[in-house]
Amino acid sequence: MHLFSAMFLLVMLAAMPCEALYPSPEEGWQIYSSAQDADGKCICTVVAPAQNMCNRDPRSKQLRQLMEKVQNITQSMELLDLRTNRDLQYVRNTESLMKAVDVKLKTASDNPRSLNPKSFQELKDKVTQLLPLLPVLEQYKMDARQISRLREEVRNLSLVLMAIQEEMGAYDYEELRHRVLLLETRLHSCMQKLGCGKLTGVSNPITIRASGSRFGSWMTDTMIPSSDNRVWSMDGYFKGRRVLEYRTLNDFMKGQNFVQHLLPHPWAGTGHVVYNGSLYYNKYQSNIIIKYHFRSRSVLVQRSLSGAGYNNTFPYSWGGSSDIDLMADENGLWAVYTTIPNAGNIVISRLEQQSLEVLQTWDTGFPKRSAGESFMICGTLYVTNSHLAGAKIYFAYYTNSSTYEYTDIPFHNQYSHISMMDYNPRERVLYTWNNGHQVLYNVTLFQVIKTAGD
């Protein structure tokens with residue numbers, strides 16, 4: 001008999017889309033992964049601070065204040081530089097005038113009789129032209145005093161920085177920050193390897209963009225490395241062929257930097273998925289699944305999903321030719337649909353990604369027309385009870401044990417009409433198309449880590 005020691009760990013998978021979806025700084029300390037107690041039980045908790053760890057250190061406040069002072073000093077120096085250059089130019093322009101006045105004064109001093117009324121007026125006019133130089137010289141005096149104050153401020157800053165450096169010892173602020181970021185990266189990688197868990201919660205919605213019609217689909221690749229941040233968008237559910245590929249999530253948010261793929265066959269519904277560089281979708285007015293390769297812009301394979309209803313025979317509650325819903329999770333590629341022999345109940349089939357052959361099939365017993373949407377996480381199908389406001393995740397079917405249970409996991413259907421809802425195992429978030437809005441949800445998974453014993 002095997003004894004199992006287990007740790008039950010709630011992992012909050014928070015987002016930033018940007019690229020890998022980390023917790024926001026306001027969320028405080030995060031629990032990620034593992035250790036072991038004296039009895040050998042896998043209690044496994046490593047706690048890592050969020051990226052703003054140093055904000056809790058009073059030295060960080062000092063550093064921010066110093067940075068602000070340095071910035072103020074820099075701005076003051078720039079202002080002094082501009083003013084000095086301007087005034088210096090004025091002095092240079094009046095240099096010839098001052099020389100002319102000096103010559104006339106010397107002439108008048110040597111020969112007073114040469115200073116007739118006309119010459120006296122000319123001299124008076126030139127002296128008048130020199131009068132604006134007096135405030136310029138006064139400004140020079142003020143700037144000299146300002147420079148003296150700035151010199152003293154810089155000296156004080158140097159003393160404070162030296163004190164902070166001594167207090168911090170061998171590590172400076174940037175090195176500490178780099179170490180924290182490196183630790184967070186390693187912990188996040190460890191978190192991704194924790195394995196599968198049971199869905200226990202869904203976060204508030206994060207609206208990424210409002211674009212397109214009421215119905216559609218958007219996604220990132222569920223399998224490729226995280227360095228690839230491309231986003232695909234497919235507007236509409238009826239006879240569409242145009243797929244937009246954006247370079248990054250940020251480009252998608254701004255609606256820029258995209259290329260267009262024109263599919264050789266139109267699609268039906270919104271149950272598409274991008275998996276390992278290819279788009280899998282339901283061909284319009286058929287139960288045929290097509291695998292379209294983005295790089296070669298060609299269809300690699302197409303295969304009929306035997307017995308599957310199509311053309312609004314067995315859609316979700318919102319309709320939209322959503323008879324066949326393709327999705328991917330940690331265990332691979334799946335098709336969710338139904339057939340007449342299954343009396344309209346949801347059928348799950350695991351597909352071989354190259355040939356699209358059905359590897360195994362499960363009958364969930366849940367009527368598809370009563371489902372708003374569904375998605376797979378770790379081999380478990382989760383079904384919502386509506387596509388409208390007030391919906392919740394109502395049903396879960398576990399393919400590993402061929403069992404089911406009714407659930408009560410609420411989520412906020414912000415725009416009141418969800419026509420696509422899919423889980424991305426690479427980012428561990430839910431992608432939804434909600435009444436012309438592209439929305440993300442973070443998920444909370446109940447992790448059970450087991451270790452075999454005697």
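Biologist: How many aromatic pairs does a search of the whole structure find?

Modeller: A word on the ground rules: this is a predicted model, where local features need pLDDT of at least 70, side-chain atom pairs count only at pLDDT 80 or more, and totals for chains, interfaces and linings use all residues. Residues are numbered from 1 along each chain as its sequence is written, and side-chain values use heavy atoms, with hydrogens and water left out. Rings of Phe, Tyr and Trp (its six-membered ring) pair if their centres lie within 6.5 Å; planes under 30 degrees apart are stacked, over 60 edge-to-face and the rest tilted. With that rule, the number of aromatic pairs found in the whole structure is 21.

Biologist: What is the angle between the planes of Phe-215 and Trp-318?

Modeller: The centres of Phe-215 and Trp-318 are 5.5 Å apart, and the pair is stacked. The angle between their planes is 15°.

Biologist: How many residues apart in sequence are the parts that this pair ties together?

Modeller: Strands here are DSSP runs (E, at least two residues), numbered from the N terminus. Phe-215 lies in the loop between β5 and β6, and Trp-318 in the loop between β13 and β14, so the pair ties together parts whose separation in sequence is 103 residues.

Biologist: Is Trp-318 buried or exposed?

Modeller: Buried means under 20% relative accessible area, exposed over 50%, and partly exposed in between (1.4 Å probe, protein chains only). Phe-215 has 18% and counts as buried. Trp-318 has 10% relative accessibility, so this residue counts as buried.

Biologist: Which residues do ring pairs link into a cluster with Phe-215?

Modeller: Phe-215 and Trp-318 form a stacked pair. Ring pairs link Phe-215 into a cluster with Tyr-237, Phe-238, Tyr-284 and Trp-318.

Biologist: What is the order of the strands in the open sheet of 4 strands?

Modeller: Two strands pair if DSSP finds at least two bridges between them. β6 and β7 run antiparallel and are joined by 4 bridges, and Ser-217 has Met-234 in β7 as its bridge partner. The pairing in the sheet is antiparallel, and the order is β6-β7-β8-β9.

Biologist: Which strands do Tyr-246 and Phe-258 lie in?

Modeller: Tyr-246 and Phe-258 form a tilted pair, with 5.2 Å between centres and 50° between planes. Tyr-246 is buried at 4%, whereas Phe-258 is partly exposed at 39%. Tyr-246 lies in β8 and Phe-258 in β9.
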